[in-house]
Amino acid sequence: MNEQTMTEKTHAIAVKNREIATVTGVSEVLNFDEEGIMLKTSMGTLGIDGEDLRITRLDLDRQEVDFEGKINGFMYAQQPKRKGLFRKN
């Protein structure tokens, strides 16, 4: 495996007609069923809400997931706020 494959890939979501999607920058599939998919991405945990969802391709070496079904929405889990250098703790 080369060094580029080992590093985090740019995260992107491409959706066609709310029925077919590709997500890049995926390091792990946390959970999935027909109504939702939960992915760990380079930009945080991504939840996909829908109906009749199914993963059609999973390539974790390339950090890519393809899925299809009726896509109702995407939501990122809130990440904890980082404490800044100049912020009082």
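**From a buried alanine to the sheet**

Ala-21 is buried, because its relative accessible area is 1%, and buried means under 20%. The model discussed here is a predicted one, and within it Ala-21 belongs to strand E2. Setting aside neighbours within four places in sequence, Ala-21 is in contact with Ala-14, Val-15, Val-65, Asp-66, Phe-67 and Ile-71. Along the chain, Ile-55 is 34 residues away from Ala-21, and the C-alpha atoms of these two residues are separated by 9.6 Å.

One of the contacts of Ala-21, Val-15, is also its bridge partner. Val-15 lies in strand E1, and E1 pairs with strand E2, residues 20–24, in the antiparallel sense over five bridges. Whereas Ala-21 is buried, Val-15 counts as partly exposed, because its relative accessibility is 40% and that class covers values between 20% and 50%.

The pairing of E1 with E2 is part of an open sheet of six strands, whose order is E1-E2-E6-E5-E4-E3 and whose pairing is antiparallel. Strand E1 (12–16) and strand E3 (26–33) are the edge strands, each of which pairs on one side only. From one strand to the next, the twist averages 40°.

Val-15 also takes part in a nonpolar patch on the surface, together with Ile-13, Met-43, Phe-74 and Tyr-76, and these residues have about 430 Å² of accessible area together. At least two residues of the patch are supplied by E1, and at least two by strand E6 (64–76).

Technical notes. Residues numbered from 1 in each chain as written. Predicted model: local features only at pLDDT ≥ 70, side-chain atom pairs only at ≥ 80, totals over all residues. Heavy atoms only, no water. Pairing = 2+ DSSP bridges. Helix = DSSP H or I, 4+ residues; strand = E, 2+ residues; numbered from the N terminus. Axes fitted to C-alpha atoms, helices over the stretch in contact; angles between N-to-C directions. Patch = residues over 30% accessible without salt bridge, like charges linked within 9 Å, V, L, I, M, F, W, Y side chains within 5 Å. Areas by Shrake-Rupley, 256 points an atom, 1.4 Å probe, with all protein chains shown as cover. Salt bridge = Lys/Arg side-chain N within 4 Å of Asp/Glu carboxyl O. Buried < 20%, exposed > 50% of the residue type's maximum accessible area, 1.4 Å probe, protein only. Contact = heavy atoms within 4.5 Å.
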